[in-house]
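Thanks for coming, everyone. Please look at the model on the screen while I talk.

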Amino acid sequence: MQVPAPFEYERATSVDHAIALMERLGDEARLVAGGHSLIPMMKLRLATPEYLIDINDLASELGYIRVEGDEVRIGAMTRHRELLESNDLAAVLPIFRDAEKVIADPVVRNRGTLGGSLCQADPSEDLSAVCDAIGASCVIRGRSGERVVSMHDFHRGPYETAVADGEMLTEVRVPIRPHSGSAYHKVERRAGDWAVASAGAAVTMDGDVIADGRVGLCAVGPNLTNIEPISAALSGQAPSEDLYATVGQIAADNATPSTDTRGTAAYKTHLAKELTIRSLRKAVARATGQE
Amino acid sequence: MEVTMSVNGDDVSQEIEPRTLLVHFIRDHLGLTGTHWGCDTSNCGTCVVWVDDEPVKSCTTLAAMASGHDVRTVEGMEVDGVLDPVQEGFIQCHGLQCGFCTPGMMLTARALLDRNPDPTDGEIREAISGQICRCTGYSTIVRSIQWAAAKERETPVEVGAS
């Protein structure tokens, strides 16, 4: 039987309350949202917090998807199912629906949250790659107020984020640009599994050329946010199969996967290239109204 | 700590360790062993129960997190001696052999039909993709759920009653 080590349980009723609890309980306190990353780690005793602060009562305060003007704001407690089912979100950022269809399974998606996924910062976690590709920024709140950091600055590395003790992620903001498209492709061994590898792409067109393009990779290295050579290679170029192949190769060159039960390093490197190509192709098709 | 919740419509209140998982609370503290304890890693889905009308994996939920909420287990599907159409469907279409995955399968199916009374086979397979059955090959489970859906379309019943 897997059971977590003993801890004290607290329940927060608001963001301010959660922050006050974290401040009072110190650095041995952890927030739990959906719990589908943290509780398994606690059951394996990989995480042994002394205090667990349940923030599920914040679902009304932090569970929202607001498409406003040139920005989408998504609350950190928005659950996977809500991200999957939101037509408003799919209309402006179809990459979310692409990814959510293949994140875990429907029952897990009832509980898991956007904020929990990003704060877990697992290198095989899909939404970090999604948020990287679309140039999201993260709103972090603490006692002294709010700060906004780019996804690149947020994701420090495996299981490490910019969220400090006493702080919490409250919102993710994504710019909406006209003539943009985004897409996500993942290869998994079986339904609901972690990615063998995956890639997300987002592009903004300026006439016939790509004004701005980004690719986020998942499960092929410890920290793959903001791969600048990819953005540089896409900028100002007309979309073509040759361009996608070039960029796919850059993705493969930046990938540093490990051989494990999900596949060999060579296979994952191949996937990094191929999934980058497919995601770019689809993102451009969406940006240019061909899909 | 003390947890208080409604389980199949009955209010329960117990003193537990905060680390008690919901599946063990339901089985060991309340004696409702219809909820099964399987892989312990949120993969197999036999521990699925409803918390506030949504299926969740109770091996990956703390009992404390369910405090103050409405929990429904497989024991709550039958009402006043009348089986839920999903339960009937599993009988009629041989939706189980060993029965280990059945409680989770049926609760997930019930949630699906409450949201989508006329699902395609593909939608059913997607809905139960977080549950594992090693006996049936899933075909008879899909058929069982379709049987329940067809019955409810012919004779509308009050769904979600507990």
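I will take the interface between the chains, then the one inside chain B.

First, the ground rules. This is a predicted model, where local features need pLDDT of at least 70 and side-chain atom pairs count only at pLDDT 80 or more, while totals for chains, interfaces and linings use all residues. Residues are numbered from 1 along each chain as its sequence is written, chains are lettered from A and ligands numbered from 1 in the order in which they are written, and side-chain values use heavy atoms, with hydrogens and water left out.

Now, chain B against chain A. How many residues of chain B are in contact with chain A? There are 31, and they meet 31 residues of chain A. Contact here means heavy atoms within 4.5 Å. The two chains bury about 2,500 Å² between them, with 57% of it on carbon and sulfur atoms. Buried area is the accessible area (1.4 Å probe) that two parts lose on being put together, summed over both. In chain B, the residues losing the most area to chain A are B:Arg19, B:Thr60 and B:Met65, together 25% of what that side buries.

Next, the charges. The rule finds five salt bridges across this interface. A salt bridge is a side-chain nitrogen of Lys or Arg within 4 Å of a carboxyl oxygen of Asp or Glu. A:Lys43 and B:Asp40 form a salt bridge through their side chains, at 2.7 Å, N to O.

Which elements of chain B each supply at least two residues to this side? They are strand E4 (54-57), helix H2 (63-66), helix H4 (102-115) and helix H5 (121-127). Helices (H or I, at least four residues) and strands (E, at least two) are DSSP runs, numbered from the N terminus. E4(B) gives the most, with four residues.

Now inside chain B. An automatic or database domain assignment sets the bounds: domain 1 is 2-76 and domain 2 is 85-154. In chain B, 16 residues of domain 1 are in contact with 15 residues of domain 2. Those domains bury about 1,200 Å² between them, 65% of it on carbon and sulfur atoms. How many salt bridges cross between domain 1 and domain 2 of chain B? The rule finds zero. On the domain 1 side, strand E3 (48-51) and E4 of chain B each supply at least two residues. E3(B) has the largest share, three residues.

That is the tour.
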